[in-house]
Amino acid sequence: MSVKSAQAPLAFRMQPQSLDEYVGQRKILGPGKLLRRMIEADQLSSIILFGPPGTGKSSLARVIAKQSKSHFEKLNAVTAGIADIKKVIELAQSPLMSQNHTILFIDEIHRFNKAQQDALLPYVEDGTLVLIGATTENPYFEVNKALISRSTLFKLESLSEDDLREIIARALSDPKRGFGLIDVDLKDEALDFIVQHSGGDARIALNALELALRSSQADTQGRITIDLQTASDSIQKPVLRYDRQGDGHYDNSSALIKSMRGSDPDASIFYLARALYAGEDIEFLARRIVICAAEDVGLANPQVLPLCMSAYEAVRRIGMPEARIILAEAVLMVACSPKSNTAYKAIDAALAALRDGDCGEVPLHLRNPVFSQMREDFDHGRGYKYAHDYPGHYVEQDYLPEKIRGRRFYESSPMGYERKIQLYLNELKRLSGESPDESSKPQ
């Protein structure tokens with residue numbers, strides 16, 4: 001190992017040199033898996049690797065570079081431009097490369113703009129370049145759809161605790177790239193702390209190990225001991241896997257809504273806290289809570305929607321940090337309320353009926369006679385019965401258009417306040433002499 005390499009960070013030095021050294025990602029690199037077969041047969045087609053930081057995207061590209069007979073070029077999308085892309089293309093098209101493919105690895109490909117990505121497209125399509133793109137963002141949001149369609153996508157997951165333990169053990173035992181020549185006593189509780197606080201990121205784990213070791217003094221026997229306190233002092237604050245435009249944003253929002261719908265107040269408040277901790281837009285959170293109040297609580301507790309609307313207005317006016325309390329109250333109110341989605345189902349059923357065909361016109365007796373002559377000439381409003389003139393402020397008459405008369409869109413549930421609604425509707429049917437609906441009668 002050169003002097004320069006020896007001075008490089010441990011995470012850089014411990015990068016795998018072959019597939020056998022590569023740790024993790026068994027779903028895509030295990031025996032017999034597609035990507036492993038492609039690499040071992042040196043028959044790679046264009047791929048895009050996406051996943052959180054520290055999961056091995058760049059390391060995998062380096063392994064491919066070492067194992068492939070193809071010419072390998074690397075660009076970083078942060079610093080590279082179209083001119084750099086053109087240089088690689090010219091090299092790939094030169095007679096010197098006529099017998100070999102050129103693999104172009106682009107790190108952080110999501111940072112390329114549309115023009116830069118478009119510049120790659122024809123050469124990926126005709127096989128001049130085999131593209132390996134790496135990104136921490138969801139490529140469906142950030143990468144040209146035409147480029148995606150010409151590539152195979154592989155998702156890398158955060159490393160497991162067992163993966164991190166294996167990586168740390170290799171770093172401590174490797175005499176050339178790691179600390180194998182140093183007597184290190186890494187206490188079990190210190191190892192557990194590093195593993196548990198690395199967020200599935202190998203780079204964080206190795207950086208913490210290196211900092212702990214280099215900041216500790218050896219004892220008289222030359223042994224360096226890393227205890228829990230040293231590990232705690234050395235590790236970075238865990239990185240929250242949350243990006244406000246990509247998967248983290250949508251996944252956390254989905255978890256928040258599903259937890260409120262599932263009446264789990266603890267999970268609901270956790271996902272709210274996670275969003276706030278990551279700097280999520282508080283108005284976005286308030287809007288999602290309002291929607292959940294209408295869609296999932298609905299008529300089972302009709303007071304929740306106005307409460308959540310008030311919370312939304314308060315959040316807009318007050319802002320953080322106090323807005324967290326308002327949002328917490330709204331989230332807990334939604335999570336702890338009885339649930340009903342009958343309003344959601346009713347409006348969708350009515351819209352579906354309209355999409356399916358002609359539902360008829362508004363009945364004449366319900367139409368508005370803007371001028372009295374319209375009643376005489378066109379029967380607008382003629383025969384309409386004013387409900388307040390009848391016992392119980394109810395009178396039976398047809399309200400739906402004739403073509404869909406008898407259709408039901410609203411089916412009540414026995415949840416919360418909606419039980420009272422069904423009792424009221426059944427009472428109206430009793431007044432009209434109609435038998436109450438036993439199928440939707442509260443249990």
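**Cavity, aromatic pair and backbone exceptions**

Colleague: At 47% relative accessibility, as what does Phe 270 count?

Modeller: This is a predicted model in which local features need pLDDT of at least 70 and side-chain atom pairs count only at pLDDT 80 or more, while totals for chains, interfaces and linings use all residues. Residues are numbered from 1 along each chain as its sequence is written, and side-chain values use heavy atoms, with hydrogens and water left out. Buried means under 20% relative accessible area, exposed over 50%, and the range in between is partly exposed (1.4 Å probe, protein chains only). Phe 270, at 47%, therefore counts as partly exposed.

Colleague: Which kind of aromatic pair do Phe 270 and Tyr 271 form?

Modeller: Rings of Phe, Tyr and Trp (its six-membered ring) pair if their centres lie within 6.5 Å; planes under 30 degrees apart are stacked, over 60 edge-to-face, and the rest tilted. By this rule there are 3 aromatic pairs. For Phe 270 and Tyr 271, the centres are 5.1 Å apart and the planes stand at 70 degrees, so the pair is edge-to-face.

Colleague: Which elements give two or more residues to the lining of the largest cavity?

Modeller: A cavity is a set of points on a 1 Å grid over the protein atoms alone where a 1.4 Å probe fits but cannot get out, and lining residues have an atom within 4 Å of a point. Grid points are joined across faces, edges and corners, and a volume is the space filled by probe spheres set on the points; the largest cavity holds about 30 Å³. Its lining includes Met 38, Ile 39, Ile 64 and Gln 67. Helices (H or I, at least four residues) and strands (E, at least two) are DSSP runs numbered from the N terminus, and the elements in question are helix H4 (34–40) and helix H5 (57–67).

Colleague: Where does Pro 321 lie?

Modeller: Most peptide bonds are trans. The bond from Met 320 to Pro 321 is instead cis, with omega near 5 degrees. Pro 321 lies in the loop between helix H17 (304–318) and helix H18 (323–335).

Colleague: At 51% relative accessibility, as what does His 393 count?

Modeller: Most residues other than glycine have a negative phi. His 393, although not a glycine, has a positive phi of about 55 degrees, and its place is the loop between helix H20 (372–378) and helix H21 (418–431). With 51% relative accessibility, above the limit of 50%, His 393 therefore counts as exposed.

Terms used: 1 Å grid on protein atoms, 1.4 Å probe; cavity = no way out; pocket = protein on both sides within 12 Å on 5 of 7 lines; lining within 4 Å.
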